[in-house]
Amino acid sequence: MYRVIICIAEPTFGITLNAKELNIQTATARDHLNGHSVIATSVSYNVEEETITLEFPQVLHVGSSWILDVTYIGLVNDKLNGFYRSVYTDADGNVHQLTTTQFQSTHARRAFPCWDEPAIKATFSLTLVAPQGMACLSNMSEQSRTLLENGMQEVTFLKTPIMSTYVRFDKYMKYLQKDIYAWVIGDFDYIEAYTSGEFNGERIRCRVYTPVGLADQGRYSLDLAVKSVEYFSRLFNIPYPLPKLDLVAVPDFAPGAMENWGLVAFRTYALLIEEYGSQDRRNEIAITVIHEMSHQWFGNLVTMEWWSDLWLFEGFATHLAYIVVDELFPGWNIWTDFYKQIQEVLKHDSLRTSHPVEVGVANPCEITQIFDEISYMKGASVLRMLSAWLGQDQLLLGIRKFIHKYMWSNANTEDLWATLAEECKVDVPGFMSKWTRQTGYPVLSVTELDESTILVRQNLFLSTGDVRDDEDTLIWPVPLGLVTASDPTPRNIMLDTKEMILKVDTTRWYKFNMEQTGFFRVSYPSKTLDLLGQTFGTAQLSAVNRVGLLTDVAALVTSGIAPTSSFLTLLKYFEDEQDYMVWAEVSIRLQELLAVWLEQPEPIMNGLKEVQRRLFTKIVKRLGWEFPEGEDPSTGNLRAVAIRFAGRAGDPDIVAEARRRFRSFMKDRDMTAISPDLRFPVFEIVLRSTQGVEEYEDIVNYYRETFVPAEKMVALSVLGYGNSQELVRRTLALAMSPEVRTSDILSAIATLRSSVIGRAELWNFMRHHWDVLYERHFGDIGFLDYFVSLSIESFSTLERYHEVQAFFANKDTSAYDRILATCLEGIRMNILWLGRDCKDVEEWLRVNGYLIDEATADNHVGEITNGTQGGTTEAHGGIAKGLLGINVNPLVLPSSSINGGSSITGTSSGASSGASTPPGGLQYPQGSIYSQHGAHVRSQVYLDGVGQASEEQTLQLLQLQQDQQQHELRMQREYQLQLQQQQQQQHQHQHQHQHQHQHQHSLNHNHNHINHTQLSRHQEQRPRTLEREMELLSMSGDYEF
Ligand SMILES: [Zn+2]
């Protein structure tokens, strides 16, 4: 039964409430004053609006107040939303039941009739009737418990303070939830601890509820909860407002966590950790738990006014979580972790499909699509930038003031800026609005004017590398954070114009964005990047700065601002790197390149794997396989990363050792054979190195047998590396079977993307089972989004691009159109990147001794481990065409890279530092020396055995570069004319004739290898569409439909 007290503001015969799938039995209104009752005579259901209207036989007068009692029947479903049921099995094989609430934006009304808007707050009282022995939990403490005769118990909870049931979106979240108000019933164990009482006057009881038998795994989170409650009570100078705090690990829980006031729910994986759990997971759990704790004040005590302010509350909760972890565990360097976390956001925000952090929301249904990691993590990043600018202490004082001002009520973004501006005496709204209301972010390009002067210019950064002039008009206020070799204190200069001249000693290193507190990229001249690389072995730049330089270069190469070879060259400077976080980032950026190059000819892929193998094998040799007692956790992490990526690259010793340990672990049940940190890497290496089903089955059985949530997750998510079509299909079948919880399906299929077979099968699977997937998961918008994204985002060929477009062309994509557009734009970026730089990479591999081919085999002295004969340029092109459906274009390097790898062009038309490769400097790509005539200029590149050309050879190369540039300019002019002609033709023809034209065009201009990306960026007049973009691409070679 649902009871609510209402006051009548306008005379009415009817009352309308939200309700869905509820069968109303009776509805009675009782006058609060005189006890007079009226029974509703009819209930009308509006299915579309998801409301019910109760009609009364008499008018309810203005000013009267009524107690409304509604009895209804609802469903306890298995769909992970509304009020749902879940089952789990404990270590002894006993089956336990639980029911819990999970209210997405449209599912709260499935549990009880209500009005759901953030501004409508109320107090809530709850009575639950459940089997005796089950834990019954809600936001508040129990008020009374009565045992009933039928084996049931009736539990009544204390009345809540005033709270709302608004929609909230959370980290690791795939889902929206109606939160704050919640209840859970089920079989749980718990552990508890109390706060000191220092900041509350009374000690607050904190409990962690876990599935039966797993209580010990909640210790870490319990400790974090107690510490962070103390921390926030002190920080905000407001005691924790409720009498108790429970953290509950719920099996079958879709989002990472949700911050119901006093009853925070988590996925088991996000809350529980074994004693030996890895540092990465400790980081992740700490951030999640403390994020939720901060919401108890910043979100629950002060509530957002409207969904448009959601980003602020989520961004701040994340920002605060990092501040607290940094304070509690200073050795963790958690801000480096933060910067690593936002790389995905920087990537998404560099696509045209991105959106501002702050967006107007008219309808709550828009929220799932709009509030993604851009609003979430970019929000947190710009708050960090604000914090670096204002000073963290100032910012925290401002927040404290804000919470005091708005506690127990609602506030919006402007309210916070106004409070901060008043506190800090600076134009906070002016600064923040540029970052939160403009889409994207800038790349700073540095031009060295002389030995003491640089020009810094900001341009919109797009990873597709095709910024139009009309797009490049935005200006951001950029806190430069400039440090130099002689002055390590950041200079607090704000770049709030398009460009700025600065005095800097350019003969030594200098760096912007010190400690990576800013949300932008920086492109340095190659000479300076080289100088920065040389500091890597020293203490001059901290780890996060090295990560920043690496990730900036890795991003710039996708856009063509720098050639991909500059990224590969920079990797050399990491050889003596000791920091785990840096290595983790190296591995990620290298995998990103490998993922796009995945379908390239084998010799190229082997060359790239060889780069990876040499980097990581060295670390394994140094650290070995054992985890000594008392070792620094980050060393253990580094060992695990190194073993994983050296093994992934096929290092024979590491593969053999992994297989040996795997056998002991699986056959002899020797759990010590594989340290917990190595389980995922070893399982992966074994699966990748064989096509055998035996190892695969061992892991499936391990998944079925283990009761440790983290181990289950390892086994399940590694299966996607199964190395044959049969195994890939088995993984898909398992993922979709009842054996795998719905909330774990995405983890099970994510790794399929790492192989060509896996990608193809996943894509086929999605297409063939689309109707079922759609039907089954339609309500779970987050699920569908991610499924689509996992299935298509790794593609890097035109063929797949068109397949994806064609498949979704006749579908109602409204529930996931943003993510679909983002994926398509990402695929386009991959295609452009690959087309632009595949020769550059090939040449770098060759010059640096990672590739062998007929022309250079005799002269080559470097270490060659892959015995594959590479073939000629034409052969590669031919293979590439067969695999990719597009002829790789030998001359698609941006003109900047032709000038010795200058990386300052930004979006302007070819400005350049003009520096060629300095002697002994960064080995810049010689891929640019390819001739578009198809001649083997490469055969003139003799290696002297250390990867450097001789002086005479260098001169020859430079001459060739010049010749080639002139030729390119001629061809560009010619091509522009042809393009105009073709555009005119196309205007006159129907769409169905286009293919024919393109085909003719490509036949006519088979050898016109021109940088179409640049051409289109600067010269094209026609409005650009994706189709047009692809037309241009398809015309760039003899691609055929
Ligand atoms: Zn949150």
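Student: Is H295 buried or exposed?
Tutor: Buried. This is a predicted model, and in it H295 has a relative accessible area of 0%. The cut-off for buried is under 20%.

Student: Where does H295 sit?
Tutor: In helix α3. That helix covers residues 279–295.

Student: And which side chain does H295 touch through a polar contact?
Tutor: The side chain of H291. The contact is 3.0 Å. H291 lies in helix α3 too. H291 counts as buried, because its relative accessibility is 1%.

Student: What does UniProt say about H291 and H295?
Tutor: Its unreviewed entry places the feature "binding site" at H291, H295 and E314. These positions span 24 residues in sequence, but no two of their C-alpha atoms are more than 8.5 Å apart, so they gather at one spot.

Student: OK, switching to strands. How many residues of β25 are buried?
Tutor: 7 of the 8 residues in β25, residues 453–460, are buried, so the strand is largely enclosed by the rest of the structure.

Student: Which strands pair with β25?
Tutor: Strand β24, residues 442–450, is joined to β25 by 8 bridges. Strand β29, residues 499–503, is joined to β25 by 5 bridges.

Student: Parallel or antiparallel for β24 and β25?
Tutor: Antiparallel. A hairpin connects β24 to β25 through 2 residues. One of the bridges pairs V443 with N459 in β25.

Student: And how do β25 and β29 run, parallel or antiparallel?
Tutor: Antiparallel. There, I454 has L502 in β29 as its bridge partner.

Student: Where do side chains point in a regular strand?
Tutor: They alternate between the two faces of the sheet.

Methods:
Residues numbered from 1 in each chain as written. Predicted model: local features only at pLDDT ≥ 70, side-chain atom pairs only at ≥ 80, totals over all residues. Heavy atoms only, no water. UniProt positions renumbered as here; feature names shortened; annotations may be inferred. Helix = DSSP H or I, 4+ residues; strand = E, 2+ residues; numbered from the N terminus. Buried < 20%, exposed > 50% of the residue type's maximum accessible area, 1.4 Å probe, protein only. Polar contact = N/O pair within 3.5 Å; in protein donor to acceptor, adjacent residues only side chain to side chain. Pairing = 2+ DSSP bridges.
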